[in-house]
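Thank you all for making the time this morning.

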Amino acid sequence: MALTASPQSSFDGQPGPSTVTVPAPAPQTPSKASTSTSTITYRGMKVFDVVSAYKRALEDEKVPHPIAAILALVELMEASTAATITGLAQELTIGRQLLVDTQASLGVRAGCQLWERFFALSAGSEDFPAYKRSLIVQGRSFCSVTAPQCRQKIAELAVGFLRDDCTILTHSYSRTVIQTILRAHKQHKRVKVYVTEARPGCLGMRTHQVLTAAGIPCNVVLDSAVAYIMERVDMVLVGSEAVVESGGLVSSVGTYQVALIAKAMQKPFYALAESYKFLRYYPLSQTDLPMPKPPTGEPSIVPLSFPSSAPTGSRPAQPHASAPVAPPASSTPVSSNTPQAPGTPVSADSAGASLHRVEMTLEMEKLHPLVDVTTPDLIDFIITDLGAPLSPTSVSQYLVAQFSS
């Protein structure tokens, strides 16, 4: 049974008050990602450590967030000692809620929703152990076989939009976008690529490395240079973290402004999205995206809101994962007529003619969002594994239909 067409889950409610304990599988039959003891306390209950299972799945760079979430829930089922469908459903609800509460990626929500719908649709008359084994086998098969095929199908469809001698602008890092461009290159299509730096993660550098290693001309541009470079490109091609009910696209922060500029300069904007990233959610604004709950006692923080007190501290000397570190000030003099950010400290040399570049502090970076929402009016087509390219309106109708029953 496929995981892609099923009604809304019938167990969205909160679990009962009883303690649910889910030990790991017995040592003689462990799953590939299981540990001998994997329980944590969540809302006063001992539950399977589904977050650790999710993070282990992500160690494979080919595994996207929705698939990692499904693999974690499948591992939870393997570890479960529930003897009834109701008991297993309660444990899955707790595991899903734990992932949603602690993980920032909206792909996690999409994966959890998909697995819930599949679980609800799959209830059969067979005995419970056989039913549970069937779910586990189908879940692992979907993650290892069907999901990778989704990316291949999208690349096959999207490559038709890439004509010979075209110039593409992409943002940040997307496995599906890269696979599409590599496929075009293998078909001997001459393509050139501009990729944004994509701060704060600077994942555009990773895209640049992959494409240049394959012999594809690729230049990295500043996020602030998108409007400058747009007149040179033939199309914009981006990946996605999730596609919401409005037909909008949730992707790396900065995608929205790229789409706005593309629309203003009449450049086609295409989004690539696997169907397992479709998310039942309807954000009304940029700040309406669901966020993981902060630890107990800590207030929720809206990205880029003004803090109650000015951030303190400076960037450590060691490189940080999310952004490059500026070399020591004494080694990075810049011309005195170079524009500087407001508040940049001035450090004069012996001649009094040099300024020194500084980077954003880690506190400043933490205030920034990781994703934004690109509204459907800015998207020409969403290319998925469902067949022909879809308009955002068609995607919206598809999602509504999936959750209407």
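Predicted model: local features only at pLDDT ≥ 70, side-chain atom pairs only at ≥ 80, totals over all residues.

Let me begin with a definition: rings of Phe, Tyr and Trp (for Trp, its six-membered ring) pair if their centres lie within 6.5 Å, and planes under 30 degrees apart count as stacked, over 60 as edge-to-face and the rest as tilted. By that criterion, a search of the whole structure finds 8 aromatic pairs. In one of them, the rings of tyrosine 270 and phenylalanine 381 have centres 6.4 Å apart and planes at 25°, so this pair is stacked. The two residues come from distant parts of the chain, 111 residues apart, with tyrosine 270 in strand S9 (residues 269–272) and phenylalanine 381 in strand S13 (residues 381–383); strands here are DSSP runs of E of at least two residues, and helices are runs of H or I of at least four, numbered from the N terminus.

Residues are numbered from 1 along each chain as its sequence is written, and side-chain values use heavy atoms, with hydrogens and water left out.

Is tyrosine 270 buried or exposed? Taking buried as under 20% relative accessible area, exposed as over 50% and partly exposed as in between (1.4 Å probe, protein chains only), tyrosine 270 counts as buried at 12%, whereas phenylalanine 381 is partly exposed at 34%. Elsewhere, ring pairs link Phe119, Phe128 and Tyr131 into a cluster.

Turning to the sheet, we have an open arrangement of 3 strands in the order S7-S8-S12, with antiparallel pairing, where two strands pair if DSSP finds at least two bridges between them. Its edge strands, each pairing on one side only, are S7 (242–243) and S12 (371–374).

S7 and S8 are joined in the antiparallel sense over 2 bridges, with alanine 242 standing opposite valine 250 in S8. These two strands form a hairpin with 5 residues between them, and glycine 247 in the turn has a positive phi of about 90°.
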